[in-house]
Amino acid sequence: MDLLNTLVDKGLRRESPTRDEALAVLATSDDDLLDVVAAAGKVRRHWFGRRVKLNYLVNLKSGLCPEDCSYCSQRLGSTAGILKYTWLKPGEASEAAAAGLAGGAKRVCLVASGRGPTDRDVDRVSETIRTIKDQHENVEVCACLGLLSDGQAERLREAGADAYNHNLNTSEATYGDITTTHTYADRVDTVNKAHAAGLSACSGLIAGMGESDEDLVDVVFSLRELDPDSVPVNFLIPFEGTPLGKEWNLTPQRCLRILAMVRFVCPDAEVRIAGGREVHLRTMQPLALNLANSIFLGDYLTSEGQAGKADLEMIADAGFEVEGAEQVTLPEHRAAAAGGCGSHESAGCGSGAEAGCGSHAEAGCGSHEGGGVCGTASAPEPAANEARTDLVAVRRRGAGTDLAPNA
C-alpha cells in the first residue's frame with residue numbers, strides 16, 4: 001500500500017504525515033489492519049527497538065474533585081463507587097511505589113485528583129518525591145497534579161521530579177463538550193509550564209468519547225506541536241455514574257488504528273498505552289506492543305488492571321523485553337535536550353498516564369490472576385461492539401487500602 005510505504009519513510013525521517021494521511025490510517029479496513037500494524041511497527045522498532053517501558057501509578061489523593069470532566073470517575077457529581085481518600089503520607093506513597101518498582105517499573109507516576117495543587121500541596125508532593133528518590137536509586141518520578149500555577153513546576157523540578165503529565169484529552173473544538181470548569185487553553189498552558197521548568201512533558205488523549213476521526217487527528221497534531229516527550233493514549237473506561245458511562249464506541253481494531261496513527265504522527269516519542277487497554281484491546285494487547293513502547297503495570301487510579309504478572313508474561317510472549325532502569329527511553333537525538341514529539345530536535349524521558357485536574361481516564365479488567373487475557377474462560381464472548389461492562393472493576397486494593405497492590 002503506497003500510503004503505508006510513505007508513512008514509514010516519513011516516520012524514519014521524523015517527518016510529519018499530512019492530515020489526510022493520518023485520517024487515511026483511521027479509515028483503513030480490517031482487511032488491511034495487519035499491514036497498518038506492521039508498517040507502524042517498523043517505525044516503532046527503528047526508534048525504540050523491542051523495549052517496553054513499564055510505568056506505575058500511585059494515586060496520592062482519590063475522588064472528590066471539583067472539576068466536571070465527563071469521563072472521570074472522580075469528577076464533581078460522580079456516583080461511581082470508587083475509593084475516596086485524602087493525601088497519602090510520603091512514606092505510604094513510597095511504599096506503594098516500591099511494589100511497582102519491584103515488578104519492573106522504572107517510572108513512578110504520582111497522581112492527585114483536583115483542579116490543581118495549592119502551594120502547600122506542592123510542598124507535600126515535593127516531600128513525597130524526595131522520599132521516593134532517597135529510597136529507590138535511579139527511579140524516574142512524574143507528577144500529575146492538575147493545572148499548575150506560576151512557579152510550581154520549578155518547585156517540583158527542584159524536588160527531583162523528572163516529568164509532569166497533563167493530557168489534552170480531545171480536540172480544542174470539542175473540549176467544551178466534555179468539560180466546562182476549565183478550558184483547553186488551560187491545559188496547553190500547564191504543558192508549556194512543565195516544558196519551561198525543564199520537566200519532561202507528557203501529554204496525550206482519550207479515545208472513545210464519541211469523537212470523530214477529525215477530532216482524533218486534531219488532538220494528535222496539537223500534541224505534536226506541543227512537543228511532549230511522552231504521549232499516553234487512554235481508551236475511555238465508561239464508569240457507571242459518570243456522564244459518559246454509556247459510551248462504548250471502541251473495538252480492538254479501532255484502538256489499533258488509533259495507536260498506529262499516533263505512532264506515525266509522533267514517530268520518535270514515547271507512545272504509551274494507558275487506561276483502558278484491558279477493556280478495549282482485550283486479547284489484542286500483545287499486537288499493540290508493536291505500536292506503543294510503553295504501558296502501565298498493574299492497576300490504574302480508580303480501576304483495576306490486568307495482573308502485573310500477566311503484563312510481564314504478555315511482553316515476553318510477544319517477543320519484547322522490559323526496558324531496564326539503566327536504559328534511556330528516548331532516542332539519542334531527543335534524550336539530550338528537553339521536549340520532543342515529532343521532528344523537533346529536543347527530548348526528555350516520558351511520563352504519566354491519565355491527565356491531572358481530576359481528568360483521569362482509566363482502565364480495568366478486574367483482578368484476574370495469571371494469564372494475559374481479561375475475563376474468565378467460562379464466560380461467553382460478547383460481540384465485538386458489545387459493551388464489556390464485565391471488564392470494568394473499581395480498584396479496591398493498593399494505595400488508600402490495607403490490601404497489597406497489583407504489581
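**Figure 1. Arg14 in the loop between α1 and α2.** In this predicted model, Arg14 is found in the loop that lies between helices α1 and α2. Helices are DSSP runs of H or I with at least four residues, strands are runs of E with at least two, and both are numbered from the N terminus. Residues are numbered from 1 along each chain as its sequence is written, and side-chain values use heavy atoms, with hydrogens and water left out. Because the model is predicted, local features need pLDDT of at least 70 and side-chain atom pairs count only at pLDDT 80 or more, whereas totals for chains, interfaces and linings use all residues. Phi of Arg14 has a positive value, near 60 degrees, in a residue other than glycine. With 14% relative accessibility, Arg14 counts as buried; the term buried means under 20% relative accessible area, exposed means over 50%, and partly exposed lies in between (1.4 Å probe, protein chains only).

**Figure 2. Pro17 in the loop between α1 and α2.** Pro17 has its place in the loop between α1 and α2 and is buried, its relative accessible area being 5%. If neighbours within four places in sequence are left aside, Pro17 is in contact (heavy atoms within 4.5 Å) with Leu7, Lys10, Phe221, Phe264 and Val265. Between Pro17 and Thr6, which are 11 residues apart in sequence, the C-alpha to C-alpha distance is 8.5 Å.

**Figure 3. The packing of α1 against α3.** Two packed helices are described by the angle between their axes and by the distance between those axes. Helix α1 (residues 2-12) packs with helix α3 (residues 33-48) at an angle of about 10 degrees, and the axes are 9 Å apart. This makes α1 roughly parallel to α3. Axes are lines fitted to C-alpha atoms, for helices over the stretch in contact, and angles run from 0 to 180 degrees between N-to-C directions. Angles under 35 degrees count as roughly parallel, those over 145 as roughly antiparallel, those from 65 to 115 as roughly perpendicular and the rest as oblique. From α1, the residues Leu4, Leu7, Val8, Gly11 and Leu12 meet Asp35, Val36, Ala39, Lys42, Val43, His46 and Trp47 of α3. The residues of this contact divide into eight nonpolar, two polar and two charged. In this division, Ala, Val, Leu, Ile, Met, Phe, Trp, Tyr, Cys and Pro count as nonpolar, Asp, Glu, Lys and Arg as charged, and the others, Gly among them, as polar.

**Figure 4. Helix α2 and its cover.** The buried residues of α2 are Glu21, Ala22, Leu23, Val25 and Leu26. Their cover includes α1, α3, α9 (213-226) and α10 (252-265). Asp20, placed in helix α2 (residues 19-26), counts as exposed at 61% relative accessibility. The C-alpha atoms of Asp20 and Val217 are separated by 9.2 Å, although these residues are 197 residues apart along the chain.

**Figure 5. Thr170 in the loop between β4 and α7.** Thr170 lies in the loop between β4 (163-165) and α7 (175-178). This residue is buried, with a relative accessible area of 4%. Its side chain makes a polar contact with the side chain of Thr174 (3.2 Å). A polar contact is a pair of N or O atoms within 3.5 Å; within protein, one must be able to donate a hydrogen and the other to accept it, and residues adjacent in sequence count only if both atoms are side-chain atoms. Beyond neighbours within four places in sequence, Thr170 is in contact with Tyr175, Ile178, Tyr184, Met209, Glu211 and Val219.

**Figure 6. Arg282 in the loop between α11 and α12.** The loop between α11 (277-281) and α12 (285-288) holds Arg282. Although Arg282 is not a glycine, its phi is positive, at about 50 degrees. Arg282 is buried, with a relative accessible area of 10%.

**Figure 7. Ser303 in the loop between β9 and α13.** Ser303 lies in the loop between β9 (294-296) and α13 (308-317) and counts as buried at 0% relative accessibility. Ser303 and Arg396, 93 residues apart in sequence, are 8.1 Å apart in space, C-alpha to C-alpha.

**Figure 8. Asn406 in the segment after α14.** Asn406 is found in the segment after α14 (332-335) and is buried, with a relative accessible area of 8%. The side chain of Asn406 makes a polar contact with the side chain of Asp299 (3.0 Å). A polar atom of the Asn406 side chain also lies 3.4 Å from the backbone oxygen of Gly305. Neighbours within four places in sequence aside, the residues in contact with Asn406 are Tyr56, Gly298, Asp299, Gly305, Gln306, Ala307, Gly308 and Arg397.
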